[in-house]
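Trainee: Could you walk me through this one? I'd like to take it piece by piece and ask as we go.

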Amino acid sequence: MTNKISLDLRIWRQESVSQEGAYVEYRIEDLSTNLSLLEALDKLNEELVMNGERPINFDHDCREGICGSCGFLVNGQPHGPKDATTICQLYLRNFRDQSTLTLEPLRAKAFPLIQDLVVDRSSLDRLIISGGFYSVDTGSAPDANSFKVSQDNSSSAFQTATCIGCGACIASCRNASASLFVAAKLAHLGQLPQGQTLRSERAKQMKKQMAAEEFGSCSNNLDCEAICPKEISSNWISWMNRE
Amino acid sequence: MSHLPDPCLPTGVCDGAWQRIQTSLPSIPVEKKNGMQIVVVGGGLSGSSAAATLAEQGFHVKLITYHDSPRRAHSVAAQGGINAAKSIEEDNLDGINELFKDTVRGGDFRAREATCRRLAEISGSIIDQCVAQGVPFAREYEGVLATRRFGGAVVSRTFYARGQTGQQLLYGAYQALMRQVANQRVELLPRRDVLELIKVNGVIRGVVSRNLLSGKLEVFRAHAVILATGGYSNVYFLSTNSLKSNATAIWRAHKQGAFFANPSFTQIHPTCIPLGDKYQSKLTLMSESLRNDGRIWLPKQINDKRHPSDIPELQRDYFLERLYPSYGNMVPRDVASRRAKELCDAGFGVGVDGRSVYLDLRDAILRKGPQEIKSKYGNLIDMYERIVGEDPLAMPMRIYPAPHYTMGGLWVDYHLMSTLPGLFVLGEANCTVHGANRLGANALLQCLADGYFIAPSSVTAWLAGQTFSPSSQEIDNACIEAMAKAQKRIDDLVKVKGGIPVDDFHRKLGKIMINRCGIIRDERGLRSGLKEVNELKNQFHNEVRVPFEVDCPNPELEKAMRVADFLELAHLMLSDALSREESCGAHFREEYQTKEGEALRDDENYSHIAVWEFVRGASSIKHVEGLSFSAIQPDKRSYR
């Protein structure tokens, strides 16, 4: 059974960071509810191209919720209304027929706008560059089984390592804090026996970089946890603060 | 016509050959490395691991990716695991032997024995490396690494991190790479598409890329170039690949003289979420582990439109169990895909356009309880529900095979160098170990073997032997020429100003390719496919519409350039499939099958890698690299 849906879309259009942006209204008619929101945008873009208009620019790639490329706001919420779901896996059946969706880019000082719904998240890479790794050269690794890791530890480290770097936590925070992103990385690396040396050094470096990138301080509102498509717990922020 | 160059295979027994060769490879003093620049294209598992390792060893590396960050490369989506011959016991020769043999056999004897052997021998060090980087592999109760069994294997040797092994391995390589960015050994060049290679006196000396934000063409010079750009399943439009995965860099290299090996060897994965609507943009893979508990069936009655729960047991055809009593639902990927397609073609299929089969968890739920099934497959069940909107615990899932992986790729020698000196090719983009069919959990292994271990040695060895350096005038001229070529491609596409959007062409190409060069191929279909692709290509260059602002972000232009290359590559895939008059691995020719409908290999005439040379203005030339086997003898695959 294929159901159809029609929606009004208010989409943030902005040529570049140096030009003014504004919402532009579009209507999509009688689309199958089995399409994802991004597929609806693909179709809208096809129409725009045919009409000689500039298509709407948005980041995306894997379309299966794992690469972290996508992630704009739908009615003010990063990745839209569905829990534990990135925007590429958000299907039209999650919306009411004839409703209006407002789509706008992730907004944070550390994410300068590029075009339309696309922002520059290279600040997240720079946080990792500041210390989000173990220092081990290829070929110098000891036997993998020389590290024993309990199932609990390995599973907990895995949980924090699943962060896809989409930046939703930052856009959801009223202070645009990167605390959850950094805490997840520190917790991943800090829970394993391989990462015990330099553990506090890592935390210091990454926190310093957080400030340099002008991410805000933690708002304690826990919006980050609620919005995280990988459901990473905000308890790791207090864990980080104890480091 | 040039000849196929030497694949440089090791002499003597293949056991331990890699180690013997490695110790004899020339090296370069660190001071000299410091003055050398390597460009790596692609930030996935093989690109990031190679870039990080070469930088650790003293080279300057530029890493170019079309993503905003290397962490987004499609290696991130690999679910199942990574094979390795690694046991707690010290003597692990049996493990290496088994992995080696399963890889050769899995590829249906269409890969080089020596490279498969090397893959197995390196595998243990890869796990060591990943663990030292902090990859949180699954653990046993006592804290040692856990493994699970995978398709095509008799032993348990697949290391995994839940269903997100690719993500965790990629983040390990990405973090190693970022450490080298911090050390100022690696420069990241994100949001760029490589469009041409710079060739000076026959040697590759750099690349031309388009900056996807400014639209500017840029030149990056190098002493050597590494392509780690992944596979080309997106020729089929609908595949499990990420949307922007493309063949542009390898296709440009091919047109400049790099030979292409076994282009028609593509793997179709049986358990993917099928098409729901014309505008659907991709097919999502569901791990084949579901076949452990899911039973695959179709209605016995043709064109049966009833709800699955209204179809009584006696009117269901559990066709894999019927045809393969011993393996049942666990037959290899190619076999499962083929049987599903045949029945759907015959009108038994269900779902949209009758293009899917049921994967039913009902009996497993009755036997084990919903809780156990949920805990085992929770993430897959959630994913299916998100995409399809139905609960697999209440209703059978609908699945269908989807293009997933390409075993073919640029031809490289044992040292991963293409037929263009100075151009190395890694990971899915090359053709080294998977033969006609890739073994599950060997893709991640190959990427890391290439990136962490093989390429760093072989690139260094090649550079050490380079005495000739071109004059700056020669390089300048080559750069200008390559830039002009890239600019012309862009101008040609933009000025068409036709009335058909790019995706329309891509969808049509996908349909041709899945019908003519997909799960089943035959001579008539392949010949028709060649004609259809030619027509579509001509139409594309006369009627495509690309927005003409080029000095700014222009995703439609990016797509158009990719589709232009796919159209040409599709032609080569069809030609290759046509010229291989046998069935092997994932390449199934209708005309060449046993009485039971299984693949019929012809070792007498086709025990070779088909290697294609591009010729401007004429048909491609096929060369043949013969394969010989000494450690393992070709035998027949049977799953009945």
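This is a predicted model: local features need pLDDT of at least 70, side-chain atom pairs count only at pLDDT 80 or more; totals for chains, interfaces and linings use all residues.

Trainee: Good. With that in hand, which residue stands opposite B:I268 in β17(B)?

Mentor: Start from the strands: β12(B) and β17(B), residues 397-406, pair in the antiparallel sense over five bridges. Within that pairing, the residue standing opposite B:I268 is B:P403.

Trainee: And what is the bridge partner of B:I273 in β13(B)?

Mentor: β12(B) is also joined to β13(B), residues 284-285, by two bridges, and these strands run antiparallel. In β13(B), B:I273 has as its bridge partner B:T284.

Trainee: How many of the residues of β12(B) are buried?

Mentor: β12(B) covers residues 266-273 and is mostly covered. Buried here takes 20 or more other C-beta atoms within 10 Å. On that cut-off, the count for β12(B) is eight of eight.

Trainee: Let's go to the open sheet in chain B. Which strands stand at its edges?

Mentor: The sheet has five strands with parallel pairing, in the order β6-β2-β1-β10-β19. An edge strand has a single partner, so one side of it is left without a neighbour in the sheet; that describes β6(B) and β19(B).

Trainee: By how many degrees are neighbouring strands of this sheet turned against each other on average?

Mentor: Direction is ignored for this figure, and it is an average over neighbouring strands of the sheet. The value is 20 degrees.

Trainee: Now the largest nonpolar core. Which helix gives the most to it?

Mentor: That core has 265 residues, and B:V41, B:V225, B:I226, B:L227, B:L410 and B:L423 have the most contacts inside it. Taking B:V225, its contacts beyond four places in sequence include B:V39, B:V41, B:L197 and B:L423. The helix that gives the most to the core, with 13 residues, is α16(B).

Trainee: What span should α16(B) have, going by its number of residues?

Mentor: α16(B) has 25 residues, taken at 1.5 Å a residue. The expected span is 1.5 Å times one less than the number of residues.

Trainee: Is α16(B) largely enclosed or left open, and how many of its residues are buried?

Mentor: The count of buried residues is what decides it, so α16(B) is largely enclosed by the rest of the structure. Out of its 25 residues, the buried ones number 20.

Trainee: Does B:E590 count as buried, exposed or partly exposed, and why?

Mentor: B:E590 is in the loop between α16 and α17 of chain B, and touches B:I520, B:R521 and B:D522 when residues up to four places away are left out. With 13 C-beta neighbours inside 10 Å, B:E590 counts as partly exposed.

Trainee: Which residue is the bridge partner of B:I609 in β23(B)?

Mentor: β22(B), residues 608-613, pairs with β23(B), residues 621-626, in the antiparallel sense over six bridges. β22(B) is also joined to β11(B) by two bridges, with B:F260 opposite B:W612. In β23(B), the partner of B:I609 is B:E625.

Terms used
Residues are numbered from 1 along each chain as its sequence is written. Chains are lettered from A and ligands numbered from 1 in the order in which they are written. A residue is buried if 20 or more other C-beta atoms lie within 10 Å of its own, exposed if 12 or fewer, and partly exposed in between; C-beta atoms are placed from the backbone. Helices (H or I, at least four residues) and strands (E, at least two) are DSSP runs, numbered from the N terminus. Two strands pair if DSSP finds at least two bridges between them. A nonpolar core is a set of buried Ala, Val, Leu, Ile, Met, Phe, Trp, Tyr and Cys residues joined through C-beta atoms within 7 Å. Two residues are in contact if their C-beta atoms, placed from the backbone, lie within 7 Å. Axes are lines fitted to C-alpha atoms, for helices over the stretch in contact, and angles run from 0 to 180 degrees between N-to-C directions.
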